[in-house]
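Please examine the chain and its ligand shown here. The paragraphs that follow move from the overall fold to the sheet, the core and the surroundings of the ligand.

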Amino acid sequence: MANSTYTQQTSKPLHPNMKEPGPKLSRRVAVIGAGPAGLATMKELMEQGHEVFAFEASMGTGGVYRSHYGALRLTSSNLTTSFGSYSDGKEAQPVIWNRDEYLAYLDAYAKRFNLYENLRLGTFVTRVEPLPQTKSWRVHWRDSSNTDNVGFVEVDCVAICSGVHSEPKMPHFPGLETFDGRIQHSSTFLSEENLEGGTRPSDRPGRKRLRYRTLGGANRRRGGSFD
Ligand SMILES: Cc1cc2nc3c(=O)[nH]c(=O)nc-3n(C[C@H](O)[C@H](O)[C@H](O)COP(=O)(O)OP(=O)(O)OC[C@H]3O[C@@H](n4cnc5c(N)ncnc54)[C@H](O)[C@@H]3O)c2cc1C
């Protein structure tokens, strides 16, 4: 029964505006970034038979979740955050992952679809150069920890999955220059240790109370204090 339904659906004539699919093309594709978007892009491209060359500047997958906030807990549940093609098997009991749990999920996803085979970690893409004669691209990279180790690869297409959090933007407000407290961009406030020269507030003699104000973002707590 299921088979006949399937045959019936797939044998429908194409819409007049649709073309018959042509022969499948295999392309060489560079993917820049191995956050959630880069990993999903790699998986889809590899499944379609393309030759993928992926680059990630940091030493692991996970993007912003690897580099930010040790105590981070996602705002979305595993039901809405996980990929449709890969379950963590916990749909019956939705959870809000913490950072390590989400990183573990992404790592398992990358292993499940053999993404590490085509991924070069610790490699920063410095330039994407168009090659008009061959209608292709030369992707230049360098080793993140050894600037002498450089190279390039020529590809047909480039998928840019570098995220939106690479370069912090510090806004300027009138009066900032006369403020005598400390002004810190949220990208550098990754844990309590980042306050007051690397000591936890509770380790400070006298337990001086710090007052803080958060500007912008979707933070629910915009002000408060640390002991
Ligand atoms: C604190 C915080 C909490 C968040 N919580 C949630 C949440 O709960 N749910 C949700 O859906 N979204 C959340 N987000 C949004 C989050 O940014 C996106 O969901 C997700 O990270 C986007 O993935 P991405 O792959 O596009 O980018 P990113 O995660 O930013 O990954 C980009 C990757 O590209 C790499 N890269 C950049 N430039 C280069 C280069 N030149 N060469 C090589 N590699 C490069 C970076 O190292 C990075 O690994 C949160 C964001 C933040 C900052």
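**Fold, core and ligand shell**

Leu45 is placed in helix α2. The model is a predicted one, in which local features require pLDDT of at least 70 and side-chain atom pairs count only at pLDDT 80 or more, while totals for chains, interfaces and linings use all residues. Residue numbers start from 1 along each chain as its sequence is written.

The chain contains five helices and nine strands, where helices (H or I, at least four residues) and strands (E, at least two) are DSSP runs numbered from the N terminus. In sequence order the pattern reads α-β-α-β-α-α-α-β-β-β-β-β-β-β. Of its 227 residues, 17% count as buried; a residue is buried if 20 or more other C-beta atoms, placed from the backbone, lie within 10 Å of its own, exposed if 12 or fewer, and partly exposed in between. Contact means that the C-beta atoms of two residues, placed from the backbone, lie within 7 Å. Among contacts between residues at least 6 apart in sequence, 47% join residues at least 24 apart.

An open sheet is formed by four strands in the order β3-β2-β1-β7, with parallel pairing; two strands pair if DSSP finds at least two bridges between them. Strands β3 (119–120) and β7 (157–160) stand at the edges with a single partner strand each, so one side of each has no neighbour in the sheet. Strand β2 (residues 51–55) is joined to β3 by two bridges, and Ala54 has Leu119 as its bridge partner in β3. Helix α2 lies across β1 (28–32), β2 and β7, and runs at about 165° to β2. For such angles, axes are lines fitted to C-alpha atoms, for helices over the stretch in contact, and the angles run from 0 to 180 degrees between N-to-C directions.

A further pairing links strand β5 (residues 136–143) and strand β6 (residues 150–155), which are antiparallel over six bridges. A hairpin of six residues joins β5 to β6, and Val139 stands opposite Val153 in β6.

Which residues have the most contacts inside the largest nonpolar core? They are Ala30, Val31, Ile32, Leu39, Met42, Ala54 and Leu106, in a core of 24 residues. A nonpolar core is a set of buried Ala, Val, Leu, Ile, Met, Phe, Trp, Tyr and Cys residues joined through C-beta atoms within 7 Å. At least two residues of this core come from each of β1, α2, β2, α5 (99–112) and β5, and α5 gives the most, with five residues. Leaving aside neighbours within four places in sequence, Met42 is in contact with Val31, Val52, Ala54, Leu115 and Asn118.

Leu45 can now be seen in this setting. With 19 C-beta neighbours inside 10 Å, Leu45 counts as partly exposed. Beyond its neighbours within four places in sequence, Leu45 is in contact with Val29, His50 and Val52. The C-alpha atoms of Leu45 and Arg27 are separated by 9.1 Å, at 18 residues apart along the chain.

The ligand is surrounded by 27 residues, the closest being Gly33, Gly35, Gly63, Leu74 and Gly163; a residue is near a molecule if its C-beta atom, placed from the backbone, lies within 6 Å of it. The elements giving two or more residues to this shell are α2 (36–47) and β4 (123–131), and α2 provides the largest share, three residues. By type, the shell divides into 13 nonpolar, 13 polar and one charged. Here Ala, Val, Leu, Ile, Met, Phe, Trp, Tyr, Cys and Pro count as nonpolar, Asp, Glu, Lys and Arg as charged, and the others, Gly among them, as polar.
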